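Me: I would like a close look at a single part of this model, with the aromatic rings as the way in. Please answer in one connected piece and give the cut-offs for each term.

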Amino acid sequence: MIKIIACSIFKPYIELLDMNLDIVYLEIEGHNYPKKLAKQIQAEIDKCQDYKKIILLYGLCGNALLNITARNVPVYVVRVHDCLSILLGSTKRFYEIFQERLSCGWSCYSLENVKISFDKFDKEEQLYLESILNLKKDVYVSFSMKKEILYEKQYNEIIKGDLSFLKSIILLESEELLEINSYDQLRFDENKILIKEKRNG
């Protein structure tokens with residue numbers, strides 16, 4: 001039995017997949033407080049000791065995943081910088097579209113329904129969160145849902161979303177998944193990609 005712990009940004013898109021899943025969603029506002037988010041994710045992991053596998057649907061998210069510890073159940077994390085690669089169908093497609101404009105602002109249905117305050121963060125954290133949550137209205141990632149029409153009108157460019165990456169993660173078929181066990185800890189390599197190493201002690 002598999003448990004999925006996911007950022008609620010994915011909720012409307014997972015619903016489009018129409019799959020029978022055991023999933024808990026944590027609020028998008030958790031990005032405001034990475035340390036608190038890490039504790040929330042860990043608390044959910046700790047509740048799942050009767051499962052065979054746990055999938056975390058999160059990107060870097062303010063480094064919230066770095067302190068995550070698997071217990072007696074393997075935990076799978078996705079090696080992506082943020083949720084945009086997942087919503088576009090692959091990291092390759094992300095770079096094909098945004099390589100020449102990495103600072104380009106984007107949004108989607110989930111983000112349009114969240115208001116984030118950055119006042120409590122230092123400048124570096126603000127820049128990171130703004131790059132992830134994208135406050136500028138340049139590009140909208142659409143999944144052709146009727147409720148998106150109102151938002152799409154506010155953007156200069158509409159890019160079609162792709163559920164294939166998301167589905168492959170849920171099915172544990174993606175090559176971008178990294179399995180961690182109780183003796184592993186996560187860190188970033190020089191390219192800010194999640195890797196694992198043996199936990200000290």
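Is F94 buried or exposed, and what is its relative accessible area?

Reply: This is a predicted model, in which local features need pLDDT of at least 70 and side-chain atom pairs count only at pLDDT 80 or more, while totals for chains, interfaces and linings use all residues. Residues are numbered from 1 along each chain as its sequence is written, and side-chain values use heavy atoms, with hydrogens and water left out.

F94 has a relative accessible area of 12% and is therefore buried; buried means under 20% relative accessible area, exposed over 50% and partly exposed in between, with a 1.4 Å probe and protein chains only. Y95, at 33% relative accessibility, counts as partly exposed.

A search of the whole structure finds five aromatic pairs. Rings of Phe, Tyr and Trp (its six-membered ring) pair if their centres lie within 6.5 Å; planes under 30 degrees apart count as stacked, over 60 as edge-to-face and the rest as tilted. One of the pairs joins F94 to Y95, edge-to-face, with 5.0 Å centre to centre and 75 degrees between the planes. Another is formed by Y109 and Y151, also edge-to-face, at 5.9 Å centre to centre and 65 degrees between the planes. Y109 belongs to helix α5 (residues 109-112) and Y151 to helix α7 (residues 149-152), so this pair ties together parts that are 42 residues apart in sequence. Helices (H or I, at least four residues) and strands (E, at least two) are DSSP runs, numbered from the N terminus. Both Y109 and Y151 are buried. Returning to F94, ring pairs link F94, Y95 and F98 into a cluster.

The strands come next. An open sheet is formed by three strands in the order β5-β6-β7, with parallel pairing; two strands pair if DSSP finds at least two bridges between them. At the edges stand β5 (106-107) and β7 (157-160), each with a single partner strand, so one side of each has no neighbour in the sheet. Strand β6 (residues 139-142) is joined to β7 by four bridges, and S142 has K160 in β7 as its bridge partner.

As for confidence, pLDDT is the predictor's confidence in each residue, from 0 to 100. The protein chain has a mean pLDDT of 86, with 86% of its residues at 70 or more. Within the chain, confidence is highest in helix α8 (residues 164-170), at 97, and lowest in helix α6 (residues 123-133), at a mean of 64. Where pLDDT is low, the predicted coordinates should not be read in detail.
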